Number of protein chains: 2
Amino acid sequence: MDQRAFWTCTARPMTTPNISNDSGSPSNVPEVVIQRLPLYVRALSQFSDSGNNVISSEQLGRRLQMTPAQIRKDLSYFGRFGKQGRGYNVASLEQRLRSILGLDRAWNTTVIGMGRLGRAVVSYPGFAPEGFNIVAAFDADDDIVGQTISGLDVQSISALSEIVKEKDIKIGIVTVPVEHAQEVIDALVDAGIKSILNYAPLSPKVPDGVTVRGIDPVLSLQSMTYYINE
Amino acid sequence: MDQRAFWTCTARPMTTPNISNDSGSPSNVPEVVIQRLPLYVRALSQFSDSGNNVISSEQLGRRLQMTPAQIRKDLSYFGRFGKQGRGYNVASLEQRLRSILGLDRAWNTTVIGMGRLGRAVVSYPGFAPEGFNIVAAFDADDDIVGQTISGLDVQSISALSEIVKEKDIKIGIVTVPVEHAQEVIDALVDAGIKSILNYAPLSPKVPDGVTVRGIDPVLSLQSMTYYINE
DNA sequence: TGACCTTTGTGATACAAAGCACACATGGAC
DNA sequence: GTCCATGTGTGCTTTGTATCACAAAGGTCA
């Protein structure tokens, strides 16, 4: 395999579990900041639902349990969105942030691995409302290929590359058993995918420019137990 | 050289999405370090499966995509486990780390919210082998209370506190809809739970000394889209 | 035994991110 | 128009963490 760096995570010395961003991306914005933007979007969306037009960094900070200064600093990486003495326009800040993150459009995604976990993922109703459409499903098992699950025809992994191009899929969601995860991720990368959401319990190697985020509840539990005693 | 790790979330003074550890814990060990330990445990376990007795920080670092120095530094917070010129004994280091994390015992957990997501969680086969036993299930809906799901009798949330004590439950897993998540988390805290795994898309408020880890695939996707273009 | 090689453990250093504090816009009151 | 209250945007300071670099420790073999 090639030995370009695989580094992960962040542009930063953050080295946080389950996040791997190789963003060789020139983006001078720290990765941690990018990760907080969706939180702001979510909070703003809730705020506007409750009928508010304007919000201060203080209010937003109280809701998200962070300091107002950090929020202002984060936003300042992208421009000046607030009015002094007044605060931020809720709707317009939300819109600006969505645009920065690329959330003002829909994204086609695919799930690879149609076992128990993959089925749960494709039937999870939380993705579509946020613009993440699962448009293809794959599996390696011939007994599963050909089935229709949640309206998706399960296809053979050998067709991955072709379908990715055909359907303009930009994000891969990996739900295969851990022993096949690296090869599936390699296949996604070969197919040109740059963003991978990985449910398998491993730290995959990916080339620069590919971002991987891991979802690993066991890891989360295992680090919490440390704090239970003391 | 640059390096990185990946996986879930982060630490305290860092305010990273999905992690909130207030642990007023006196532990002088940085939270990020605690979060990396389970990665080491996992890698060591794989190593010993492949028949190796000894591993160097360099080998471990290669596998986990991080610098050897960071691994040695992390370990040094807890003691001296290696032999110079040789490396670490795989089995014994794994055992020591498990002990530090509290993984050398089993933990009783409960899932609150028996909707689609909760059912997926209780039937997920990845928890038990790691010592996390789900011993109770709760829901607020009277139609669901009384059902048996994956061998668990679903109980009313009103019985939460009682059952937590009766079954010595130490960890709560929250899979209720977001609009009820904060109240359920409050109830867990009232019941004496100190560790919460939260699947609901919000940043819950918890008192000092309670650790919350969030599992939020949508947030992960939303921060990845930023890097797709550029 | 001692020369040599490897790999640890750790003080010192570099750097990134968080928080502080204040200058300065802005809007409202009068 | 002037004054005041409010809350942004940001340079500077502090904090936290990753990395460097090297002394000391163990192993090996002549």
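**Close-up views of a predicted model**

**View 1. In chain B, three strands form an open sheet in the order β2-β4-β3, with antiparallel pairing.** The strands β2 (54–55) and β3 (82–83) of chain B stand at the edges of this sheet, and because each has a single partner strand, one side of each is left without a neighbour in the sheet. Strands (E, at least two residues) and helices (H or I, at least four residues) are DSSP runs, numbered from the N terminus, and two strands are said to pair if DSSP finds at least two bridges between them. This is a predicted model, in which local features need pLDDT of at least 70 and side-chain atom pairs count only at pLDDT 80 or more, while totals for chains, interfaces and linings use all residues. Residues are numbered from 1 along each chain as its sequence is written, chains are lettered from A and ligands numbered from 1 in the order in which they are written, and side-chain values use heavy atoms, with hydrogens and water left out. Between β2(B) and β4(B) the pairing is antiparallel over 2 bridges, and I55(B) stands opposite Y88(B) in β4(B). Helix α4(B) lies across β2 and β4 of chain B, and runs at about 75 degrees to β4(B); here axes are lines fitted to C-alpha atoms, for helices over the stretch in contact, and the angles run from 0 to 180 degrees between N-to-C directions.

**View 2. Chain A also holds an open sheet of 3 strands, with antiparallel pairing and the order β2-β4-β3.** Its edges are β2 (54–55) and β3 (82–83) of chain A, each with a single partner strand, so one side of each is left without a neighbour in the sheet. Over 2 bridges, β3(A) pairs in the antiparallel sense with strand β4 (residues 87–89) of chain A, and the bridge partner of G82(A) in β4(A) is Y88(A). Across β2 and β4 of chain A lies helix α4 (residues 90–101), which runs at about 75 degrees to β4(A).

**View 3. Four residues of helix α3 (residues 68–76) of chain B, namely Q70(B), I71(B), D74(B) and L75(B), are buried.** They cover an arc of only 130 degrees around the axis, which puts them on the same side of α3(B). Buried means under 20% relative accessible area, exposed means over 50%, and partly exposed lies in between (1.4 Å probe, protein chains only), while the arc is that of the directions from the helix axis to the C-beta atoms. The buried residues of α3(B) pack against α1 (31–49), α2, β4 (87–89) and α4 (90–101) of chain B, where contact means heavy atoms within 4.5 Å.

**View 4. In chain A, R62(A) and E58(A) form a salt bridge, with the closest N and O atoms 3.7 Å apart.** A salt bridge is a side-chain nitrogen of Lys or Arg within 4 Å of a carboxyl oxygen of Asp or Glu, and by this rule the count over all chains comes to 12. Both R62(A) and E58(A) lie in helix α2 (residues 57–64) of chain A, where they are 4 residues apart, about one turn of the helix. R62(A) counts as exposed because its relative accessibility is 52%, whereas E58(A), at 45%, counts as partly exposed.

**View 5. R62(B) forms a salt bridge with E58(B) in chain B, the closest N and O atoms being 3.8 Å apart.** These two residues, R62(B) and E58(B), belong to helix α2 (residues 57–64) of chain B and are 4 residues apart, about one turn of the helix. With a relative accessible area of 52%, R62(B) is exposed, while E58(B) counts as partly exposed at 45% relative accessibility.

**View 6. Another salt bridge joins the side chains of K170(A) and D168(A), at 3.5 Å from N to O.** K170(A) has a relative accessibility of 32% and so counts as partly exposed, and D168(A) is partly exposed, with a relative accessible area of 40%.

**View 7. Strand β6 (residues 132–139) of chain A is mostly covered, since 6 of its 8 residues are buried.** Strand β5 (residues 107–112) of chain A pairs with β6(A) in the parallel sense over 6 bridges, and W107(A) stands opposite F132(A) in β6(A). As a setting for this view, chain A has 8 helices and 11 strands, and 55% of its 230 residues count as buried.
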